[in-house]
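Reader: Could we go through this model together? Please keep the answers plain.

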Amino acid sequence: MSVIVTEFITLDGIVSDPDGSAGTPLGGWAFRHGPETVAGDKFRLGRTLDEGVLLLGRATWQLFSRLWPGRDDPFAARMNAVPKLVTSRTMTHTDTSMWSNSQLLDGDLIDAIKREQRDVVVTGSLSVVDRLIATDMVDEYRLLTFPTVLGTGRRLFPTDGPHTELECLATEQAGAAVLTRYRRAAR
């Protein structure tokens, strides 16, 4: 089992509000580069989504549950079919019925991930990513880096975060962005 974090990110490390849904002044920065840059399986998840599980925080799940069920393309079919684990203190099991294959996580997030036998893909969900980074549970990062510098906003790796050594697995152009895959360096 691997934990894979996927994020849209700017050159200066900002990950907040890439689609503008949070209404921040600089939000929507990823989508300014055209739909081809963000459409489809840009993170090259393929079979990982077919055989794994998607882990989402409440806000990301609520956004995705409004977007993905209404789309009709191969990647949308994959997103709708993948089992989804939702971590939230305010949602109920009834709430998650709005998007197929969604299940509210019971108990502690970290314990649930340790029990999981499938690969876990985390998209967006910065509070979830923070917890996984703090407990050294992220095995791989797949970052779609956009040629944008915001200067302000929420960073993926905070200045007071833990020291982590990573190794680059692959880099490829994806529209206006660059997909880079990193994994935790051998210990």
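**Burial, rings and sheet**

Author: Phenylalanine 8 counts as buried because its relative accessibility is 17%; buried means under 20% relative accessible area, exposed over 50% and partly exposed in between, with a 1.4 Å probe and protein chains only. The model is predicted: local features need pLDDT of at least 70, side-chain atom pairs count only at pLDDT 80 or more, and totals for chains, interfaces and linings use all residues. Residues are numbered from 1 along each chain as its sequence is written, and side-chain values use heavy atoms, with hydrogens and water left out.

Reader: How many aromatic pairs does a search of the whole structure find?

Author: The search finds nine aromatic pairs. Rings of Phe, Tyr and Trp (its six-membered ring) pair if their centres lie within 6.5 Å; planes under 30 degrees apart count as stacked, over 60 as edge-to-face and the rest as tilted. Phenylalanine 8 and phenylalanine 31 have ring centres 6.4 Å apart and planes at 75°, so this pair is edge-to-face. The pair links distant parts of the chain, 23 residues apart: phenylalanine 8 is in strand 1, and phenylalanine 31 is in the loop between strand 1 and helix 1 (35-38). Helices (H or I, at least four residues) and strands (E, at least two) are DSSP runs, numbered from the N terminus.

Reader: And which residues form one aromatic cluster?

Author: Phe8, Trp29, Phe31, Phe43 and Phe146 form it.

Reader: Let us change topic. Where is threonine 10 found, and is it buried or exposed?

Author: Threonine 10 is found in strand 1 and counts as buried, at 2% relative accessibility.

Reader: What does its side chain reach at 2.9 Å?

Author: The side chain of threonine 10 reaches the backbone nitrogen of isoleucine 14. Leaving aside neighbours within four places in sequence, threonine 10 is in contact (heavy atoms within 4.5 Å) with Trp29, Thr145, Phe146, Thr148 and Leu150.

Reader: Now the sheet. In what order do the eight strands come?

Author: The order in this open sheet is 4-3-2-5-1-6-8-7, with mixed pairing; two strands pair if DSSP finds at least two bridges between them. Strand 4 (102-104) and strand 7 (166-174) are the edge strands, each pairing on one side only.

Reader: How many bridges join strand 1 to strand 5?

Author: Four bridges join strand 1 (residues 3-10) to strand 5 (residues 120-123), and the two run parallel. Valine 3 stands opposite valine 120 in strand 5.

Key
A polar contact is a pair of N or O atoms within 3.5 Å; within protein, one must be able to donate a hydrogen and the other to accept it, and residues adjacent in sequence count only if both atoms are side-chain atoms.
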